[in-house]
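Please open the model in your viewer, with the chains coloured separately, and follow the selections below in order.

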Amino acid sequence: MTNLRAEDVSLGYDGLRVIEGLDLTLPDGKITAVVGPNACGKSTLLRGLARLHPLDGGRITLGGVDITAMPRKELARKVGMLPQSSIAPDGVRVAELVSRGRYPHQGWFGRHSSDDDAVVTTALESTGVAELVDRPVAELSGGQRQRVWIAMVLAQQTDIVLLDEPTTFLDVRHQLDLLDLLTELNRDRGTTVAMVLHELNLAARYADHLVVMSAGRIVAEGAPSDVLTREVVNEAFGLRAQVVPDPVAGSPLVVPVGRFHSSAVEPSAR
Amino acid sequence: MTAADMGTITAVADLRTVRRRRQILVVAGMVLLVLVAGTGALLVGAAGLTPGQAIAGAVGLGDKGDVFIIQKLRLPRVEAAVVVGAAFGLAGALFQSTLRNPLASPDILGISSGASLGAVTGVLALGMSGVALSGLAFTGAGLVALAIWLLAWRKGLHSIRFVLVGVGFAYLCSSLVAWTMARADENEAAGVLIWTVGSVSDIRGEQLGLVAAGTLVLSVAVALIARTQGPLSLGDDNARALGVHVDAARVGTLLLAVALVALATSAAGPIAFVALVAPAIARRLVNDGGAALAASTATGAALVLVADVVGQHGLFGVAAPVGIVTGLVGAPYLLWLLATNEKRSR
């Protein structure tokens, strides 16, 4: 039982409540995707789960233990988090950035050991950036840079990895690459992955557990095929859409309607 | 492990070695510069000494007059320049890395002007001198830092707010210093002028020992918390996710930085731009995305010593207190920094 769990959690900024009394359990060893319209509180929820944002109420537990009762470093050895749009300092090289992921494993006078090198190497290899070791991070392409950041989180060696919109600013091919990479991690190492995603159809395809949020609450959660219906899309996004099976993966595919196009046939499915 | 893994692991280790070697090289280069400039400062002066006489004098041998000139006049000034420069360099590096802003430095944040205000008030209004005066300068710097703190703190310390509030205090303190001096008697005002430009010419004996010991103790304390600077440079969220107590680390670092500035300023006055420029040079030389604390310390020491030698002996037509020389070098550098930053962000 190492579930990361939000119990009756309230979160907000300067008195403005974003999330009120929310309950969520991230299923162990699964990929969870959180989707929802802008400003629905999905990023705030993820930040709360990683203890980047103080709670206004409720608690977050890891394996039944309140995470605020844990030393930060201990939490950082169990839960990794990649915040939105991180910026690397000038001059830092790929392996140096990835090595910073070892921080929670090092003591006061911690110097990098050969163990750390091995972990960093594995992280570089599994994200496919091993050949970039000594390149300055600032000179990389967007897709490469995002892989390097993920490698840093992997070097933290946590069982749970949270990612806030990891595919933002990536083209569609790099989005797929990245989600494939996370799936590989999940399957090979049993890492629990939870991420905020914008792209509904990719979320439906890659997630085992889909959480749809709107206005600070969870509208629906469960297997994507159960959750992603026309009604739910309409309720969460205020969007008329058709939902058809994804011809590749069989997962639900949301086809939005808009004002200028309407289908000749309104399918009754879903 | 496969051969490819072994290749990568070697590359990772190699990169680390290369980077550490570069840091050591930068520090060693600056130390060498200090030794050369320091030796020069011991040899050159109104009483010309040969290298042999100078070395003999430094260890207390040889002609009594030479010993006096070296040990009482020239050596303390060199030592003071090195200690004060190191303190400013380290403090600037801490400010800049903790606030993640290359413009954050005690001169710009008003902490140095707080020290000046304390000293100038002490002399003109209270008629103080000596160590008590240094104490008042220290208090001035501390109070300004505290005031910036209180006004910038909103559920955590926000870098930009800290810098902006600090800039406000810099103006406030400079105005108060100017006002105090304008009201004072002309001769008295001339006497406190040194507290507005900075000089290392009159730091010796007990005071020098005090400043040196204080700087050493604070540097050790900095070394103890320096490890948090790596994660902090990735931003607050990343640092927290890596297990750093961001607010505690930032408060601790800034406290140490303020103490270093207050200590150095209380002895030498505000030596302009050293805390701003030394870390920038050091970071550019080391260039590993880190805070370059050791390199900044060494660069600060070298910078102040060289500037003092230049100012003292009127090299390049500049005969002035060290603070004027660093200002003349620092101001154009600041403009250049702003100009190139602009280009990069575009």
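Begin by selecting strand β3 (residues 31-35) of chain A, which is mostly covered, since five of its five residues are buried. Here strands (E, at least two residues) and helices (H or I, at least four) are DSSP runs numbered from the N terminus, and a residue is buried if 20 or more other C-beta atoms, placed from the backbone, lie within 10 Å of its own. This is a predicted model, in which local features need pLDDT of at least 70 and side-chain atom pairs count only at pLDDT 80 or more, while totals for chains, interfaces and linings use all residues. Residues are numbered from 1 along each chain as its sequence is written, and chains are lettered from A and ligands numbered from 1 in the order in which they are written.

Show the side chains of β3(A) next: I31(A), A33(A) and V35(A) lie on one side, T32(A) and V34(A) on the other, and both faces are covered. In a regular strand the side chains alternate between the two faces of the sheet.

Zoom out to the whole of chain A, which has nine helices and twelve strands. Its C-alpha atoms fill a box of roughly 65 × 40 × 35 Å along the principal axes, and buried residues make up 45% of its 270 residues.

Finally, select V84(B), L260(B), V261(B), V304(B) and L305(B), the residues with the most contacts inside the largest nonpolar core, which has 101 residues. Such a core is a set of buried Ala, Val, Leu, Ile, Met, Phe, Trp, Tyr and Cys residues joined through C-beta atoms within 7 Å. Helix α3 (residues 64-98) of chain B supplies the largest share of this core, 16 residues. A second, separate core of 93 residues includes A88(A), A95(A), I150(A) and V193(A).

Conventions:
Buried ≥ 20, exposed ≤ 12 C-beta atoms within 10 Å, placed from the backbone.
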